[in-house]
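These are my notebook entries on a structure that I had not opened before. I wrote down what I looked up, topic by topic.

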Amino acid sequence: MIKMAKTILFSLFLFFCSILYSQNYSIIISIENFDKNEIYLAEIYLDKTNIVDTAKRKDNNKFIFSLDKTNHKGKYTILIDKNVFSDVIFNYENVELSTIYQFPMDSLEVIHSEENKIFYEYLRLEHQTNRKLELLAPLVFYYPKSEKFYEATCSEFDNAQKALSKFVEKTAEKNSYTFAYLLISNFQKPYINPELSFEKSQEYLKSHFLDKLCFTDTFLIYSDLYANKILEYLSLYGNNKLSQEQLENEFIKAVDEILFRADQNEKIYKTLVSFLVNGFQKYGFERVLLHIADNYLNNKSCEDEERKSELQKRLDSFRKMAIGEIAPPLEIYDINNNFVKLSEIPEKFKVIIFWASWCPHCNELLPELHKLYKNPTVPKFEVLSISIDTDKNDWISALNKHNYEWFNCSELKGWDSKSANDYHIYATPTLFLIDENRTILDKPLSVNQLERKLKQLSMKL
């Protein structure tokens with residue numbers, strides 16, 4: 001009898017769970033002046049989007065998405081066209097919106113959804129406030145303080161900032177449980193005293209910009225909040241008057257502050273480390289990457305290599321392939337089945353480029369590299385071009401479009417090729433400039449950067 005009762009209770013539990021998770025919610029959007037028959041709904045994860053549903057046109061220009069409890073609450077984006085979208089909050093309620101195709105965000109009207117009404121009311125107020133502050137800031141910081149107009153300007157500057165804070169406080173009174181409130185309360189920037197100089201206000205922002213950003217609620221990962229706030233915070237440290245080394249030193253300070261605060265939650269911490277690594281790798285900030293690798297991995301652990309996270313392996317690779325390190329030996333067959341050994345290429349300077357036929361940026365960069373290769377005004381260098389294609393026809397077809405007079409090689413094993421693994425390749429195109437001793441001299445992001453480096457090196461010879 002006891003066994004039967006447990007079975008019945010478990011069955012009831014499964015039954016109620018199935019009811020709970022089968023509950024459907026709809027996101028409806030009407031789009032004026034739009035002639036296509038299909039749009040998409042994508043979930044947001046930090047700085048990435050992933051399509052979760054497709055909607056077909058209904059009557060009256062309506063499109064309907066269907067979600068349920070298996071979809072996480074958070075910020076989603078409705079992809080209307082390639083460069084046209086509208087953001088929406090989903091927190092287990094039905095949502096209905098209307099917009100005009102040409103102005104999807106500005107014209108958006110929330111017909112049903114308290115969450116989205118709060119969110120869009122705040123966005124519009126924030127836009128107006130930011131515009132006002134942009135116009136007032138030069139007057140506040142540089143207008144003569146002895147003038148009466150200066151006092152009026154400071155008052156307006158002060159009131160504009162307080163208006164946003166009052167909106168958030170008012171929202172908290174009745175809607176503190178909502179995802180909309182979670183977002184807008186974290187949008188807030190520090191209050192800037194209008195009596196501060198511009199320089200002091202920037203220092204204050206650096207010290208307090210992250211004060212109101214929550215680093216413990218993992219639901220915020222399901223939005224672009226962290227990505228936007230961190231990029232804005234990093235911009236406080238950017239200065240086009242700084243050298244590359246000085247700029248990297250400033251970014252290292254910012255990274256330390258971000259990750260110190262993020263260390264309250266393991267999931268958020270790992271997510272933000274990955275986000276920072278991806279960003280600094282994209283722009284070639286090698287010293288910042290090495291700083292993250294050296295300071296934000298558990299170097300004392302004896303973790304088995306095979307069990308290391310993908311992020312840990314990537315950070316380890318930055319150490320091994322950093323400028324000044326020795327590149328691995330490289331032996332590979334070329335397109336004519338000739339055996340090529342990196343050590344036997346005689347030129348003092350060698351460029352190793354990993355690319356793929358399916359990579360658009362590669363197909364733009366390679367012809368530019370070939371022009372530089374044939375340019376007699378730059379120091380002579382040899383190119384070892386390694387495709388990570390898996391299909392020989394695709395590789396040959398891409399090469400046949402141009403006459404690249406250098407070593408064209410491939411193992412046709414994609415990301416799993418020995419050369420790609422030895423050189424820790426995670427993206428294409430990736431370039432290394434090395435010397436006759438295999439010392440990595442540079443990891444240029446563009447042909448122009450490579451040209452500048454070659455000319456600098458030639459001056460030292």
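Which residue forms a salt bridge with Asp87, and how far apart are the closest N and O atoms? I found Lys75 as the partner of Asp87, with the closest N and O atoms 3.6 Å apart. I counted as a salt bridge a side-chain nitrogen of Lys or Arg within 4 Å of a carboxyl oxygen of Asp or Glu.

Before going on, I noted that this is a predicted model, in which local features need pLDDT of at least 70 and side-chain atom pairs count only at pLDDT 80 or more, while totals for chains, interfaces and linings use all residues. Residues are numbered from 1 along each chain as its sequence is written, and side-chain values use heavy atoms, with hydrogens and water left out.

**Entry: salt bridges**

Asp87 lies in strand 6 (residues 84-90) and Lys75 in strand 5 (residues 74-81), so the pair, 12 residues apart, links distant parts of the chain. Helices (H or I, at least four residues) and strands (E, at least two) are DSSP runs, numbered from the N terminus.

I then looked up how covered the two partners are. Asp87 has 9% relative accessibility and counts as buried, and Lys75 is buried at 6%. Here buried means under 20% relative accessible area, exposed over 50%, and partly exposed in between (1.4 Å probe, protein chains only).

Next I looked at Asp294, which forms a salt bridge with Arg319, the closest N and O atoms being 2.9 Å apart. This pair also links distant parts of the chain: Asp294 is in helix 9 (residues 286-295) and Arg319 in helix 10 (residues 310-320), 25 residues apart. Asp294 is partly exposed, with a relative accessible area of 42%, and Arg319 is partly exposed as well, at 23%.

The next bridge I noted joins Lys455 and Glu451, with the closest N and O atoms 3.1 Å apart. Both sit in helix 14 (residues 447-460), and because they are 4 residues apart, about one helical turn separates them. Lys455 is partly exposed, its relative accessible area being 36%. I also found a network: Glu203, Lys206, Glu250 and Lys253 are joined by salt bridges that share partners. The count of salt bridges by this rule comes to 25.

I traced an open sheet of 4 strands with the order 4-1-7-8 and mixed pairing. Strands count as paired if DSSP finds at least two bridges between them. Strand 4 (62-68) and strand 8 stand at the edges with a single partner strand each, so one side of each has no neighbour in the sheet.

I followed strand 1 (residues 24-32) to strand 7 (residues 95-100), where the pairing is parallel over 6 bridges. Leu97 in strand 7 is the bridge partner of Ile29, and Ser30 stands opposite Ser98 in strand 7. With strand 4, strand 1 pairs in the antiparallel sense over 7 bridges; there Tyr25 stands opposite Leu67. Strand 1 is mostly covered, as 7 of its 9 residues are buried.

**Entry: Ser113**

Where is Ser113 placed? I found Ser113 in the loop between strand 8 (109-112) and helix 2 (114-142). Ser113 is buried, with a relative accessible area of 2%. Leaving out residues up to four places away in sequence, Ser113 touches Glu93, Asn94 and Val95 (contact means heavy atoms within 4.5 Å).

**Entry: aromatic rings**

A search of the whole structure gave me 28 aromatic pairs. Rings of Phe, Tyr and Trp (its six-membered ring) pair if their centres lie within 6.5 Å; planes under 30 degrees apart count as stacked, over 60 as edge-to-face and the rest as tilted.

I picked out Phe119 and Phe187, a tilted pair at 6.5 Å centre to centre with 45° between the planes. Phe119 is in helix 2 and Phe187 in helix 4 (residues 179-187), 68 residues apart. Both Phe119 and Phe187 are buried.

I also noted Tyr122 and Phe167, a tilted pair at 5.8 Å centre to centre and 45° between the planes. This pair links Tyr122 in helix 2 with Phe167 in helix 3 (residues 148-175), 45 residues apart. Tyr122 and Phe167 are buried. Last, I wrote down one aromatic cluster, formed by Phe119, Tyr120, Tyr122, Phe167 and Phe187.
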